[in-house]
Amino acid sequence: MKKLHSASIGAAPLAAICAIRRIASASPLLWPLAMLLYVPAVSRLAIVIGNLGARARARATIALTRFRTGEIQRRDAVVVAKASPSFWRLQAGIAGSFALVAAGLMATTIPLVYAQAQPVSANGSTGNQTSSVGAQNSAPPVNVSVTSQAAHKYETNPILSLPAILARQWTPGREDLAGDYFPLIEDNQEHKLSLKETIYLALENNPGLESVSLDPVAATESVKASNAVFDPQLSSQIDSEKESTPVSSPFQNPGSVAIAEKFYDWNFGMSKVLSGSNGTLGVTFNNDRQLTNTAFSPVNPVYTPTMVMSLSQPLLQNFGWQFATINVRLAESAQRSSQWNYASSVNDFVQRIGNDYWGVVMAEQNLQVADSALKFNADLVRVNGNNVRLGMMAAVNLTEALSAEATARANVSAARAGLEIARTTLRQDVALNNAGAMLAAEIEPLQQPDTQFGPLETDDVAFKSMLEDSPALAGLREAIRSALIQVKYAENQTLPTLNLGVQFGITSEAGNSKCTPSGISIPAYANCFDPNGPPSGGKPNAAELPFGGDYGTALNNLFDFKFYDYAAVLGFSMPLDNAAAKAALAQAHVAYDQSRMQYRQALYQAVLLVKSALANLRAYQEQVESTREASVYAAQSLHDTQAQFRVGTATTNTLLQYQSNLVTAQGNEVQADVGLENARLALWHAEGTLLGQFNIEFQVQNPRQSPWYSRF
């Protein structure tokens with residue numbers, strides 16, 4: 001498998017150009033030589049740039065990661081991140097075309113630059129130089145916080161999305177899962193990265209962690225769902241109905257054998273739960289139009305609009321200060337808990353990546369120790385074989401050497417397998433998979449264990465950091481707050497139900513009002529003349545209701561408040577023993593005490609982890625020094641024994657014993673060096689400061705939602 005080292009592709013031509021510039025800067029007399037060297041250097045650089053096109057995507061990802069860790073500047077990161085194969089090929093063409101032009105410019109610019117070089121300051125630096133350390137420290141951190149807007153991409157507007165929804169509803173086979181397709185089995189690219197770069201790439205690419213990050217997003221939607229109870233409910237109904245019934249008496253509808261009636265209704269209503277009092281306010285507006293063929297209907301057709309306003313207000317149960325929004329506060333608390341759980345998962349994940357990283361380093365160093373032991377034993381077999389053939393040594397010495405060589409080969413095979421497993425674990429956890437392969441790109445650790453250490457922090461400082469920064473403890477504290485809200489809700493549910501209901505309605509009527517006689521006598525309230533009525537000499541002999549007009553007249557008369565109704569109801573109910581509410585309250589108290597005890601237990605365990613991590617870190621610091629000394633002494637002892645073996649004063653068994661001691665000492669040294677790094681990670685993880693150590697920011701976002709309808 002061919003390994004590509006992206007960090008060293010352009011090192012040679014760049015170093016050559018820098019050397020040429022130093023030559024030209026040394027003296028104006030050397031610039032012709034620099035010009036001759038400058039042409040092939042620029043041409044070589046153009047070829048290198050052109051060959052980078054196929055790997056532009058992976059380089060862009062690495063560049064963005066190194067920008068975050070402070071390895072490169074913002075300008076360089078943006079340039080590399082925007083690169084594409086066509087962009088790199090264009091750069092190659094431009095660089096090749098202007099190579100000779102650059103060589104020509106070399107002849108004029110180098111002396112000019114040399115002549116106009118800025119004066120060097122007292123500390124040896126020029127006036128416009130900036131510190132690379134400061135630039136790295138100013139690099140922005142990686143923020144893993146889940147913003148409140150993260151759920152927007154999952155939200156849709158049902159009205160605007162109606163065509164797409166209908167298309168999906170009527171498309172068959174949408175439940176069939178697509179098969180997994182990988183164009184490659186293995187991404188054979190290798191990237192040399194520092195631990196911080198590796199962690200940043202893992203945070204960006206690991207699908208498992210991304211899945212956990214969606215929990216706060218889903219919890220955000222729960223907050224919106226809790227606020228939805230205050231969303232005004234709009235209702236409407238439009239209907240048309242006709243009834244035709246036979247008459248059962250000749251006096252019901254003279255001249256017809258049926259009574260026909262038609263009804264038209266268009267009704268509207270709106271109701272809303274009040275966020276301040278938890279009452280329900282409702283308004284309904286009903287409109288009826290009735291048409292009949294009976295002669296006994298004084299107004300036909302008739303319009304009857306009605307408007308009713310109502311309020312149902314609890315006074316004991318489900319009532320209290322901000323009680324209407326208690327479910328919203330519960331959802332917000334649950335959302336904050338999900339954020340802390342996600343932060344705890346990130347804390348665990350960063351430690352896991354760190355352990356994977358140093359696991360690869362330890363496996364590589366163990367393989368080096370095993371290879372060194374195998375070479376030693378193979379050389380011993382060669383020497384002893386020659387001595388046995390010459391009769392200078394007994395055959396048992398060769399047998400001992402062969403046995404040791406076979407054991408060393410087995411150790412090398414085991415070390416290689418361990419290295420392969422460690423590399424695969426790291427690459428799959430980082431999941432840098434730009435090629436879409438089953439095996440992600442390989443990560444080659446660029447760092448070695450840092451065996452330098454300063455004074456350890458005290459227990460008080462570590463415990464204080466744990467209380468302030470541990471995401472696991474913060475999540476449990478939020479769980480206690482949620483349990484306390486549940487107790488408040490359960491206490492309210494033990495109160496009797498006392499509801500006040502009030503209603504006020506107004507109505508009106510208009511239509512084609514008829515002049516209707518009332519028999520053979522003239523009524524005292526007669527106000528119209530009907531030729532078919534009792535004889536009256538042209539004077540009023542019938543009655544007409546004062547509701548003449550159309551639908552508009554009915555609406556105008558609606559707010560005269562001539563026809564109205566009102567009602568007030570006070571309802572009370574309560575179970576005699578109230579067992580269900582009291583049991584729920586007791587369970588809420590139990591859950592609250594459980595959450596407090598769980599927090600206390602988690603606190604004790606966190607203290608144990610911090611204390612153990614401090615002890616392990618202190619022990620590994622001592623082991624680093626001790627194992628280094630042991631390796632030095634074991635190597636010296638083996639060297640002395642080899643000298644004795646060469647003159648015949650030491651046996652093969654003795655030599656193999658000292659060589660085994662050296663292998664053991666070197667293995668212990670490797671384990672101590674890597675163990676020191678893992679102990680640091682364990683302490684930072686237990687304290688909750690691990691994310692801050694790698695410049696990873698996390699802040700709990702306020703899940704409070706304030707839609708317009710939840711404010712009243």
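Strands β6 and β7 form a hairpin in which six residues lie between the two strands. In this predicted model, β6 and β7, the latter spanning residues 299-314, pair in the antiparallel sense over eleven bridges. Within that pairing, Gly282 has Ser310 of β7 as its bridge partner.

β6 also takes part in a hairpin with β5, again with six residues between the strands, and in that turn Asn278 has a positive phi of about 65°. The pairing of β5 (residues 258-273) with β6 (residues 280-292) is antiparallel and runs over eleven bridges. Val273 is bridged to Thr280 of β6.

## The chain as a whole

The protein has 18 helices and 13 strands, and buried residues account for 36% of its 712 residues. When contacts between residues at least 6 apart in sequence are considered, 79% of them join residues at least 24 apart.

## Helix α10

Helix α10 covers residues 207-227, and its 21 residues, at 1.5 Å a residue, should span 30 Å; the end C-alpha atoms are 31 Å apart, which agrees with that expectation. At the N-terminal end, α10 is capped by Asn206, which has a side-chain oxygen 3.0 Å from the backbone nitrogen of Gly208.

Which residues of α10 are buried? They are Leu209, Ser213, Pro216, Val217, Ala219, Thr220, Val223, Ser226 and Asn227. These residues cover an arc of only 165° around the axis, and therefore lie on the same side of α10. On the other side of the helix, Pro207 and Ala225 are exposed. The cover over the buried residues of α10 includes α9 (195-205) and α11 (326-389).

## Nonpolar cores

The largest nonpolar core has 44 residues, and the members that touch the most others are Val144, Ile199, Leu203, Val346, Val350, Phe694 and Ile696. At least two residues of this core are supplied by each of α9, α10, α11, α12 (395-430), α17 (652-687) and α18 (690-693). The largest share, 14 residues, comes from α11. In soluble globular proteins, nonpolar side chains tend to be buried together.

Apart from its neighbours within four places in sequence, Val144 is in contact with Leu203, Tyr342, Val346, Ile696, Glu697 and Phe698.

## Arg336 on helix α11

Arg336 lies in helix α11, and its side chain is joined to that of Glu478 by a polar contact of 3.2 Å. With neighbours within four places in sequence left aside, the residues in contact with Arg336 are Glu478, Arg481, Val700 and Pro703.

Is Phe572 buried or exposed? With a relative accessible area of 57%, Phe572 is exposed, because the cut-off for that class is over 50%. This residue is found in strand β12, which comprises residues 563-573.

Although Phe572 and Asn499 are 73 residues apart along the chain, their C-alpha atoms are separated by 6.6 Å. Phe572 also touches Pro496, Thr497 and Leu498, when residues up to four places away in sequence are not counted.

Notes: Residues are numbered from 1 along each chain as its sequence is written. This is a predicted model: local features need pLDDT of at least 70, side-chain atom pairs count only at pLDDT 80 or more; totals for chains, interfaces and linings use all residues. Side-chain values use heavy atoms; hydrogens and water are left out. Helices (H or I, at least four residues) and strands (E, at least two) are DSSP runs, numbered from the N terminus. The expected span of a helix is 1.5 Å times one less than its number of residues. Buried means under 20% relative accessible area, exposed over 50%, partly exposed in between (1.4 Å probe, protein chains only). The arc is that of the directions from the helix axis to the C-beta atoms. Contact means heavy atoms within 4.5 Å. A polar contact is a pair of N or O atoms within 3.5 Å; within protein, one must be able to donate a hydrogen and the other to accept it, and residues adjacent in sequence count only if both atoms are side-chain atoms. A nonpolar core is a set of buried Ala, Val, Leu, Ile, Met, Phe, Trp, Tyr and Cys residues joined through side-chain atoms within 4.5 Å. Two strands pair if DSSP finds at least two bridges between them.
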